[in-house]
Amino acid sequence: MENEFTTVGKRVVRSDSLAKVTGEACYTADIKLPGMLAAKVLRSPYPHAKILRIDLKRALKVPGVKAAISGFDTYGIKWGVFRYTKDHPMLPTDKVRYIGEDVAAVAAVDEETALEALSHIRVDYEPLPAVFDPEEAMQEGAPQIHKEFTNNINIHVNIDVGKVDEAMNKAFLVREDTFKAAGEAYAMKEPYAVVASYKNGFLDLWMPNAGPHVRAKALSNLLKMPLNRVRIRHINSGGAFGGRSEVSPGDLIASFLSIKAGRPVKLVLSREENATSTRQVHDIIATVKTGMKKDGTIVAKDYRAVYDGGAYSSTGPIATSIPFYVYEECYRFRNVRYNGYRVFTNKGIRGMYGCHGRAFLAGNEAQMDFMAKELGMDPVEIRLKNGLTSGEVTATKSKITSCGLKETIQKASEKTGFKKKWARTQRFKGIGMGCVAMMCGFPMGFRSGSSCYVKMNEDGQVTLVTGVIDNGQGNESLAIQVASEVLGVPMEDINLVNADTEATNLDPGSYSQASTFVGANAVKVACENARRKIVAIAAQKLGVKEADIGLKDRMAYSRKTPDNKMRISWAAREAFFRGEPIVGTGSFFPKIDFEREWVSRPWGQMAGTFSFGTSVAEVAIDSETGKVSIPHFTAAHDCGRPINPMAVEGQMEGSIQQAGVATIMEGNLWEGGFLLNPDLLEYKVPLACDMPDIETIIVSSRDPEGPFGAKEGGLTIRMNAHSAVACAVSNATGTVFRELPLTPDRVLNALQRKKGVKR
Amino acid sequence: MKTMKVTFHVNDEKVTLHVRPYETLLETLRERLDLIGAKEACGVGACGACTVVVNGIPLRSCLVLTPEVDGASITTIEGLGKDGKLHPLQEAFMEKGAVQCGFCTSGMILTAKALLDRNKRPTKKEIIKTISSNICRCTGYKKIVEAVEKAAEKSV
Amino acid sequence: MILPKFEYKSAENIAKAIAFYERYNGKIRYLAGGTDLIPLVKLRLSTPMAIIDLKEIEGLKAISHQGGWLVIGANVTLFELKNNNTVKEYFPALYESLDATSCETLQMRGTIGGNILQNTRCLLYNQSLEWRTARGFCFKMGGETCNVVPNARACFSNYCSDNALSLMALSASVKLVGPRGERKMPLEKIFSGDGRNPFTLMPGEILTEILIPMKRSKGAYEKLRVRDSIDYPLLGVGVSTKGNAGRVCVGGIGPSPLVYNLKDINESAFKDVAEKAYSDARPVSNTTLSPDYRKKMVSVLIQRASKKALQEGK
């Protein structure tokens, strides 16, 4: 009975892939509108400087220029995700805080003219002392980047559960390590772009984004326009990975330019601008102190993590917290203290990332392995011993309702022969394991839920309207697949209208792993409501009880006597006759503690459910060059029931690239406030030849709340693949890693510290 | 500055255009011919998103001046399917789940097409080597390699 | 990223190309595959008045055997050359360096001439005009300082051709044709040692041919890089031996490669070269891995390449 589904759980072809393989899929830069202008942004050449004057006059005189703006043409409203983080003016008028910050912009008939006009904008600056290192920035006397934030401390998250000091004192084994990691580049394949078209008092916008509703609200505030007049439209997105969640200066710039010029405006960022001036990933320094009992039970954890936040708050409170939570949702910590500091520096703005927190997470895991070894245990045993199980409550009071952690650990270790490989003393080879849990959605007030609307047309075809957005993960196909299952019509009969703030209902967006658990759940409820209407008519027409009606392959039929059947489209027509068309609305709101607040009240139910995962990396080190290769990678993920296993695998495989292989090559390089690798040549996104042989294991469980038992699909691997690689390299070198990425020079140093002796 | 008259075939159709001498093939395809399947992701030849096939060879169109392709025969992703049927590579990319955000897909498929045109049954190693010309940020490449393998089987 | 304005001219032969050079008073760049030149122009590191396309020049596309030399036209693509049987059989070091160059797609566009004459690179140089303006112009951009090494008098940008190293190891020569005539010289003579202007070519000169002595050789090319495709070398070592003599070339560090001749081919001779090269190499922190590390790798890679060459000999 379990697997009687028609499409759910099947390896279906994603609904969006046809347009993508034929080149017809439209992305923001592909949009052409009549009279459209090209915009260019003038950016700050200083890491920290007072703005004395911005003069646009000469730029406006360049033939072909239709509008020019600076911060003085805006309302000067500062953006922030939280009330206490409203610090980002988008176009500053007081001072610039990083190299590449948006200062002024022009719209012209073409890009060449716009570029020419930029050179005629005059900005007078008074350079100020700048600070680039977060530890330095926290010192007394360091240059102050925002006057509202003393010592440049943007966010301090303090969590203190149990009696940490007492437990640490009593612990049998205590170890403290400090880990560092360079921030990564999102490096989404599509550079940021936005099209704004202002007409008749309405503003239409297209841009790659991870949540249209949240963005429309932000823009309506910044533009002082009613929300219904700011319409974010659907468009394909060339990747987000957490970096496109918030309103961006480009959105505001294109909007103001379009309003001023009375014509549509397109702004396409260069690869460099995308790297320097959208979002970057936090550099992190994490000190991890752990106390264990003789039997390997973790009795105390004491953390200090410093996040280099760059120039503005962005999603700061969330970013400062998430690495801790995905870890405490995985392991049992009776006594734990976490001090997370997000610190301003004069560098680009740092945001959330799919692999966020690698120094913290990989550090914890690598340290655990070495402590286990001292206690005569191995990584598998120690993880099973401390891992949470279904029904348990985390340190900060989140209840775990379904949990496949144990299974992911067991399956991944069995598949790889982990214990044997870990214990052997083969030189320059290592194996490592990383575990993590992932919240599926987190508190975002009334935006934490999703609503959906579905209608059946006279031919039995379906129009599905949902705020769920797709950044490449396959969320659109997911929504269609769920609707197809409930309504008994094939996926190709379903037209999707999504992520368009005029047409669709509120949805949390795709950045808190909510799309499956929350968004698709709302789709399911809406379709079930529509289904009931079909079933009622079919039962009447077929002369059977409603409970006996099944819907499949466009037919309504009696389950007892399957030959007794009718087309679903007949039911749709009958419904129109009756003046009660088949429509359904539905929503899903996760059971979250809405009193929870990232800084002021960091406890209570975090999410409706949690997913779990285990990664295992096998590495080989070239003993002479220190270069690491990763011949094999195995990942096991508990995603509840996979709606489309092929899509879940795709997420896991991508995670192994973006978090796993990235561990040996990816990292932003800085010289003061200058990003040295804002490109795709010196920033090393792994290539096909750098990839391991991959084995993905889907641990299929049934979440009681998830749609068809599903949870999020693959993010745990994005949050633990780095741990697996760092642990494997530590295993091979015989010493706990110190800094990521594990480039050959660092690995060679580690080898030389240990003279290549594994144990 | 004076424009230059350039004639070439795109997807079996002859076009004659007057282009700027400093115009890239990528710009010409996208802006003048509305062939938006080729994408600009880096602009300096580091990523392969703008790959098109010119006289049988995969080229990064962001590095090619349009006057250079005078007389050439160009295939873009839009011209890959014939008579309403998808190319085996396009089918295989769909069926194997090799597409996520889609921004690298055109370039990836065209790079693979040029490979299959010169080597009908490439080994897995050869496929990996060839597609290591293109950056994909989403997939981890596994399903892309599988898709090219599948298309190679199909087209024999 | 849009290009700045320039004119485009296609030259049918060398004489016409040089005539264009003169017509534009030297404010031109010769174009072959463009994989190095076009990014430089996009970044406004080069702003020619005209680009003179050499690809249509027939004589530059051939590979031929002439009087004891393998003569390679400068416009032969790296991919064509890699698949040439003579190269595979006679010059393993060259085959390996071609195979290690960038990625297949760029090998199909990039030419051997262009690969040899690619500009030197630096993390602080290969950046956009905006980036460089904010940072301040260095020697190589016409400024007064080096942005990598304070108070330096020279430019340390790295020469990143893989193939020049193996070609030099094979004692290749080049033919140059310019406004003042034609000349031939050993490949290593084209390097000025000055990162600002890394080549000794005279204004308007065109590299037309690469000539390799037609003697079966043994050899290898070793490349240090982070990714196994697309990446430039952080260090490259070409080793080639013929009979009892051999050559080791080290590049990717500084503006001109290091060349060492060996009179005897044995492990200790290579070891001596490795030590010598280690002390000669002066990497600075102008690329992605640390200079200390790159220096250390000089001897590692030389020994590795020589081991391969020696093993092949057995």
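Analyst: Domain bounds here come from an automatic or database domain assignment. In this predicted model, that assignment gives chain C domain 1 (1-56) and domain 2 (58-117 + 157-313). Their centres, taken over C-alpha atoms, are 25 Å apart.

User: What makes domain 1 and domain 2 of chain C count as touching, and how many residues does the contact take from each?

Analyst: Two residues are in contact if their C-beta atoms, placed from the backbone, lie within 7 Å. By that test the contact takes 13 residues from domain 1 of chain C and 17 residues from domain 2 of chain C. On the domain 1 side, helix α1 (residues 14-23) of chain C gives the largest share, 5 residues. By class, that side divides into 7 nonpolar, 3 polar and 3 charged.

User: What makes β1(C) and β3 of chain C a pair?

Analyst: Two strands pair if DSSP finds at least two bridges between them. β1(C) and strand β3 (residues 50-53) of chain C have 4 bridges, in the parallel sense. One link to look at: C:Tyr8 has C:Ile51 in β3(C) as its bridge partner.

User: What does chain C bring to its contact with chain B?

Analyst: There, 22 residues of chain C are in contact with 25 residues of chain B. On the chain C side, β1 (7-10), α2 (37-42) and α6 (104-109) each supply at least two residues. α6(C) gives the largest share, 5 residues. The classes on this side are 11 nonpolar, 4 polar and 7 charged.

User: How do you know that β1 and β2 of chain B are paired strands?

Analyst: The test is again at least two bridges. Strand β1 (residues 4-10) of chain B and strand β2 (residues 13-19) of chain B run antiparallel and are joined by 7 bridges. The pairing therefore passes the test. B:Val10 stands opposite B:Glu13 in β2(B). The hairpin has 2 residues between its strands, and B:Asn11 takes a positive phi near 50°.

User: Which part of chain A gives the most to the side that touches chain B?

Analyst: The contact takes 42 residues from chain A and 39 residues from chain B. On the chain A side, α1 (17-21) and α17 (645-665) each supply at least two residues. α17(A) gives the most, with 8 residues. By class, the side divides into 19 nonpolar, 15 polar and 8 charged.

User: Why are α15(A) and α16(A) called roughly perpendicular?

Analyst: Angles from 65 to 115 degrees count as roughly perpendicular. The axes of helix α15 (residues 515-542) and helix α16 (residues 568-577) of chain A cross at roughly 95° and come within 9 Å. That angle falls in the range, so α15(A) and α16(A) are roughly perpendicular to each other. From α15(A), the contact is made by A:Lys533, A:Ile534, A:Ile537 and A:Ala538. From α16(A), A:Ile568, A:Ala571, A:Glu574 and A:Ala575 take part. Their classes are 6 nonpolar, no polar and 2 charged.

User: How many residues join domain 2 and domain 3 of chain A?

Analyst: In chain A, the assignment gives domain 2 (31-128 + 193-268) and domain 3 (355-438 + 609-754), along with domain 1 (17-24 + 449-588). The C-alpha centres of domain 2 and domain 3 of chain A lie 39 Å apart. In their contact, 4 residues of domain 2 meet 4 residues of domain 3. The domain 2 side has 3 nonpolar, 1 polar and no charged residues.

User: What makes β4 and β6 of chain A edge strands?

Analyst: β4 (95-96) and β6 (122-127) of chain A each pair on one side only. The open sheet runs β4-β2-β6 in chain A, with antiparallel pairing. Strand β2 (residues 49-55) of chain A and β6(A) pair over 6 bridges.

Terms used
Residues numbered from 1 in each chain as written. Chains lettered and ligands numbered in written order. Predicted model: local features only at pLDDT ≥ 70, side-chain atom pairs only at ≥ 80, totals over all residues. Nonpolar A, V, L, I, M, F, W, Y, C, P; charged D, E, K, R; others polar. Axes fitted to C-alpha atoms, helices over the stretch in contact; angles between N-to-C directions. Parallel < 35°, antiparallel > 145°, perpendicular 65-115°, else oblique.
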